[in-house]
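User: Hi, I'm new to this one and would like a walk through it. Could you take my questions as they come?

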Amino acid sequence: MNSARMIALRRIARPLITTGVLIAIWWAFTRISQVPAYLLPGPASVAEALWHQRTLLMWNTLTTFNEVALGLLIGTLLGAACGLVIVFSPLMQRWLMPILLLSQAVPIFALAPLLVLWFGFGITSKVIVAVLVIFFPVTASFSDGLRRTDRGMLDLATTMNASKFSILRHVRLPAALPAFGSGLRVAAAVAPIGAIFGEWVGSSSGLGYMMLNANARIETDVMFAALFVLAIMTVLLWVVVDRGLKKLLYWVPDTTGAPI
Amino acid sequence: MADTHILPPPTQVGLATPPRPAAAGIVISNLALRYGARSIFTGLSLDVAPGAFIVLLGTSGVGKSSLLKIVAGLAKPASGRVTTTNGQSLSGHVAYMGQTDLLYPWASVIGNVMIGSRLRGQRPDTARAEHLLARVGLADRAHALPSELSGGMRQRAAIARTLYEDRPIVLMDEPFSALDTFTRAQIQDLAAELLQGRTVLMITHDPLEACRLGHHLVVMSGTPAQLGPPISLRGTTPRALDDPELLRTQGELMKLLTPQAPE
């Protein structure tokens, strides 16, 4: 077998082994400790719940996914727009910054019930909660990136008679992309938290809704099944965003593998 | 105050390229710069003829880079003005090379060479960019990213980008200071050859570099800074590393620039 295939195989094998070992420990623990299933169900009953509830899980996952995807899209756009505005308009910065900070200072746990009250049990209130947790890391990192453009690169563009807009588009924006990417990675990781939290407060579908119901009926295995699907979704979302950013930022050298 | 030093055009016999048709020199008149209460320089004047290669030397912090930035239109002086010898504003007549290569890391080598066109919203001239890359010996690396090149190659790409701009005046702020001695000598040869016929104002800390490339050397010193009398060198550039006149002038410069140790 050639070494490239070996490396690819190892990359797939590693997370599988980790997951397998964790499941084995979980299984052994439930077996030995005799903890009742309503407190901690074993892997087998969770797998059973996953299978039996597959249709319901699928529909609820779709709802949560829609909330997360919409929240991420709107939150990123809003975050990028706020970043641009506060960097290029000192006036807007003075007016906007206190509002942005206030939106983060008010605990989302206090705000979510109000949002559900105002926007209903449907998807809107969850998207808003998700947007609220997503946009700030994007704004903060993007505006930082926009402010830190190398002086020399700007000077060079100025001597080339570039317009202000052209410098923004061809120098400042690409130079700020790595920082923007860092913000987006954080956003992708916290987006599901926002959506699920919104669902816990009040909803008519979604993985959070399903967990809430299962919790009330002490169907702990269903609760675990929903949690499992949510974890998979979060990881997949992060991987997609991370891969996409690596493609977009092909020019940023990754020095982690380099000898020190 | 300081009188204007007039620096004539190069006097070599058999100049490889005559001054370019659109040639323009630089007229710096009565320039002053202050940071708060501190006066960096006052009454600075210099007259550079079209096609002359002027090297500006001086210790760190004396105000050389500030002077170059004013000439490039990147900073405003407290008073005084800079024009071309035709009396025009310098904007649109200068190409600038900074202390680092300033290649944009997200653009390919050829994309960097043509970046001026992109920034001005013009159609990039790919054929000309390819021709220039061939002249600096980077024809086969046109589509590489800057991070994939060595320091010397990056500097050559920066020279190709400067030439692509095709401006009569080239301003260089210690452009080769990041290179090792031997690569630097090689890039100096290339720069001397390719910048023939253009008016060049170059800052350097390196007396050897100054003596290899300059038609006239000007030392900037003191607080507020003044320009010393120009030192003119004969012969074609780039001068050989063991050229006797180069070695003599280099020694003279070292004496001028080395601060006296306190007794």
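User: At what angle do helix α3 and helix α10 of chain A pack, and how far apart are their axes?
Analyst: Bearing in mind that this is a predicted model, helix α3 (residues 54–88) and helix α10 (residues 220–248) of chain A pack at an angle of about 40°, and their axes are 11 Å apart. Because of that angle, α3(A) counts as oblique to α10(A).

User: And which hand does the crossing have, left or right?
Analyst: The crossing in which α3(A) passes α10(A) is right-handed.

User: Which residues meet there?
Analyst: From α3(A) come A:Leu57, A:Thr61, A:Phe65 and A:Val68, and they meet A:Ala225, A:Ala226, A:Val229, A:Met233 and A:Leu237 of α10(A). By class, the residues of this contact are eight nonpolar and one polar, with no charged ones.

User: Switching to chain B, which way do the residues of strand β6 point?
Analyst: In β6 (residues 94–97) of chain B, B:Val94 and B:Tyr96 point one way while B:Ala95 and B:Met97 point the other way, and all are buried. In a regular strand, side chains alternate between the two faces of the sheet.

User: What does β6(B) pair with?
Analyst: Strand β7 (residues 169–173) of chain B runs parallel to β6(B), and four bridges join the two; B:Val94 stands opposite B:Ile169 of β7(B).

User: How many residues are in contact between the chains?
Analyst: On the chain B side there are 22 residues, in contact with 15 residues of chain A. The chain B side draws at least two residues each from β6 and from α3 (115–119) of that chain, and its classes are 11 nonpolar, eight polar and three charged.

Methods. Residues numbered from 1 in each chain as written. Chains lettered and ligands numbered in written order. Predicted model: local features only at pLDDT ≥ 70, side-chain atom pairs only at ≥ 80, totals over all residues. Buried ≥ 20, exposed ≤ 12 C-beta atoms within 10 Å, placed from the backbone. Pairing = 2+ DSSP bridges. Axes fitted to C-alpha atoms, helices over the stretch in contact; angles between N-to-C directions. Parallel < 35°, antiparallel > 145°, perpendicular 65-115°, else oblique. Left-handed = near helix turned anticlockwise from the far one by under 90°. Contact = placed C-beta atoms within 7 Å. Nonpolar A, V, L, I, M, F, W, Y, C, P; charged D, E, K, R; others polar.
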